[in-house]
Amino acid sequence: MKKIILLTTFLALFSTLFSQEQIKADTSFIVNNNKIQVIDSSKGLKIKVYKMTDDGYTPINPYYEGRYDKSCYITEEINYVNKNSQNVTIKVPLIPTNTFSESDIIVFEKELEDYAKDLEDNAKKIEKKYKISSYYANYPNIYYAYSQIYDNPWDFAAQSISQRPISFEWGSYLFSTAMCFNKSRTLGLTAAIGFSNTYNYLNNKTVIASNNGTPYVYNFDDNSELIPNGLENRAFVDKSFMRYWSVRIPVSVQIQWRLGYNKMALSVGPELEWRFAMRSFARYDGSKHIITKDLNYRPLGVNALVCISYDDVVIFGRMALTEMFGHNIKAIPFNIGLGFNL
């Protein structure tokens with residue numbers, strides 16, 4: 001039976017060439033006691049297969065009927081003797097998807113529309129889009145920052161306190177949370193709790209001192225009468241710096257997106273800061289000395305914080321919106337740093 005089906009298909013293809021030349025003819029022939037009849041019509045080629053009687057001359061009712069048209073497929077209905085009917089579809093070129101063991105008939109299950117759609121999908125270049133799976137806060141889990149103190153938040157050239165460029169801050173945002181506003185997970189609010197340790201290094205002729213709790217800047221070249229204890233008859237110190245700790249609580253508006261596989265986010269908002277344990281130190285005679293730990297500073301402050309992240313790398317900038325001392329010393333802290341999300 002397999003040979004009959006293949007021969008019929010070949011004959012259908014061969015007959016199509018003649019049909020393109022507007023030649024219409026009916027053809028019939030006998031193969032293995034089976035009569036194959038090909039009839040040309042306006043609706044395409046009709047193909048019938050008859051079982052012949054034992055004498056080889058009389059055909060019995062057709063057990064195979066089909067039609068082949070220019071869309072290059074044959075729809076067949078095969079009726080088996082003493083068996084139920086079954087519909088199969090044969091495509092050209094022949095690509096078998098299942099084979100019956102009891103007969104030698106190849107069954108093709110996929111319809112032409114699905115086949116054409118698969119070809120179209122395979123021919124298209126599929127552009128992958130990576131969706132955002134979660135909304136997260138982009139504050140760094142650990143960071144290191146450059147730190148300076150300025151007189152004015154909008155004038156970085158004004159510094160009443162002469163500082164060295166080695167001033168730094170390190171810290172961490174340990175706890176964070178995020179609340180998303182939209183289904184695409186791109187916009188929302190974020191908040192966190194963190195801490196930091198800041199070191200502002202001054203030049204070796206300047207120290208931060210206090211007079212009954214009131215802070216002031218002592219310069220060795222000014223011949224001031226308010227000389228901190230231990231600095232009498234000295235022209236400079238080996239090192240001078242101010243150190244303090246902070247607890248920070250930022251609340252930011254954040255947008256996030258995908259750049260290929262990589263996640264990116266930008267957050268902007270205010271940050272509440274609580275400063276404590278502020279000390280002024282000077283190093284001389286080979287050891288470190290506390291100049292004052294009785295500084296009347298403002299423990300609470302408000303900062304503006306901006307964070308931009310690329311995957312697990314975070315770049316941020318922080319500028320105080322309130323002064324740190326509020327007396328005769330103008331002090332606006334500023335930080336710019338690099339951090340990581342672990």
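Tutor: Before we start, a charge sits over a ring if NZ of Lys or CZ of Arg is within 6 Å of the ring centre and within 35 degrees of the ring normal. This is a predicted model, where local features need pLDDT of at least 70, side-chain atom pairs count only at pLDDT 80 or more, and totals for chains, interfaces and linings use all residues. Residues are numbered from 1 along each chain as its sequence is written, and side-chain values use heavy atoms, leaving out hydrogens and water.

Student: Okay, which residue lies over the face of Phe-281?

Tutor: Phe-281 belongs to a cluster linked by ring pairs, along with Tyr-144, Phe-168, Tyr-199, Tyr-201 and Phe-241. At 5.0 Å from the ring centre of Phe-281, the residue over its face is Lys-288.

Student: What kind of pair do the rings of Tyr-150 and Phe-334 form?

Tutor: Rings of Phe, Tyr and Trp (its six-membered ring) pair if their centres lie within 6.5 Å; planes under 30 degrees apart are stacked, over 60 edge-to-face, and the rest tilted. The structure holds 15 aromatic pairs. Here the centres are 6.2 Å apart and the planes at 70°, so the pair is edge-to-face.

Student: Is Asn-200 buried or exposed?

Tutor: Buried means under 20% relative accessible area, exposed over 50%, and partly exposed in between (1.4 Å probe, protein chains only). Asn-200 has 1% relative accessibility, so it counts as buried.

Student: Which side chain does a polar contact of 3.3 Å join to that of Asn-200?

Tutor: A polar contact is a pair of N or O atoms within 3.5 Å; within protein, one must be able to donate a hydrogen and the other to accept it, and residues adjacent in sequence count only if both atoms are side-chain atoms. For Asn-200, the partner is Ser-147.
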